[in-house]
Amino acid sequence: MMKALLFCLSLLAASVMAHETDARFEPPKPKEPKRFCAEVQKWIEYASSNKDLVEITNEPLLVMDLRYGTFNNVTGHDLYCGEQRAFVHRDAYAKLKKTFAIMEKEMPGSKLVIFDAARPIYAQAALKKTVQGTPYTNFVSSAVRGGLHNYGLALDLSITDSSGALLDMGTDFDSFERCAGAVGEADALKSGRLTQEQVDNRNKLRRIMKAAGWVMLKHEWWHFNAYTSTYTREHYRLFPM
């Protein structure tokens with residue numbers, strides 16, 4: 001009787017704690033990984049000539065690690081054909097400069113590591129295709145509606161310590177686990193999936209970005225918007241490409 005009761009209780013606990021996005025999302029790799037070379041060249045030409053976009057590639061407090069410029073990303077494609085050039089909207093750049101000033105005061109010697117910045121529509125479409133039909137489909141905006149990256153008003157990033165080592169955030173960039181965002185951190189701490197140090201590191205990044213006026217995305221520790229989605233869609237234009 002006691003064993004049966006314990007078994008039932010364990011099943012109940014599992015059902016309460018389980019979430020369809022608790023597990024790490026590992027989509028199948030494409031049979032023929034593609035490099036989007038022609039597409040990214042058109043994008044760079046557009047971004048370089050657009051008066052509203054600012055290139056941030058060589059900013060001294062930034063390190064480029066554009067994952068979509070490699071095959072090491074959730075799509076399995078090299079969406080930027082090896083390019084490590086990043087752009088943001090000039091209004092986001094103003095907030096980024098505030099971020100630099102706060103970093104130099106609160107975490108001297110640290111740098112921001114940029115995983116993605118302004119994102120062309122073709123790359124958004126490839127990302128959406130990767131999650132289409134999965135429990136994670138709502139994590140990625142469609143190429144038609146676009147996300148704030150497609151306005152140049154979002155950054156995906158992490159931060160280093162003064163020696164240049166990335167702070168441990170508990171998951172990698174583009175992890176679709178629930179614990180990758182603030183919404184799942186409490187449960188992940190209880191289960192041991194995350195440590196307090198990892199959550200503290202996330203909060204260091206959040207504190208600096210929030211102080212500079214950025215808006216945190218609750219599902220992704222690495223994602224910050226210059227403005228809310230509603231404000232952005234009312235006052236800015238989606239990229240045409």
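**View A. His77 in the loop between S2 and S3.** In this predicted model, His77 is found in the loop between S2 and S3. Its relative accessibility is 17%, and the residue counts as buried because the cut-off for that class is under 20%. Leaving aside residues up to four places away in sequence, His77 touches Pro30, Glu32, Pro33, Lys34 and Phe36, and also Thr70 and Phe71.

**View B. The disulfide between Cys37 and Cys81.** The structure holds one disulfide. The bond joins Cys37 to Cys81, with an S to S distance of 1.9 Å.

**View C. Accessibility of Cys37 and Cys81.** Cys37 has a relative accessibility of 29% and counts as partly exposed, because this value falls between the limits of 20% and 50%. Cys81, its disulfide partner, has a relative accessible area of 17% and is buried.

**View D. Cys179.** Cys179 has a relative accessible area of 6%. The residue is buried, because 6% is under the 20% cut-off.

Definitions and conventions: Residues numbered from 1 in each chain as written. Predicted model: local features only at pLDDT ≥ 70, side-chain atom pairs only at ≥ 80, totals over all residues. Heavy atoms only, no water. Disulfide = S-S within 2.5 Å. Buried < 20%, exposed > 50% of the residue type's maximum accessible area, 1.4 Å probe, protein only. Helix = DSSP H or I, 4+ residues; strand = E, 2+ residues; numbered from the N terminus. Contact = heavy atoms within 4.5 Å.
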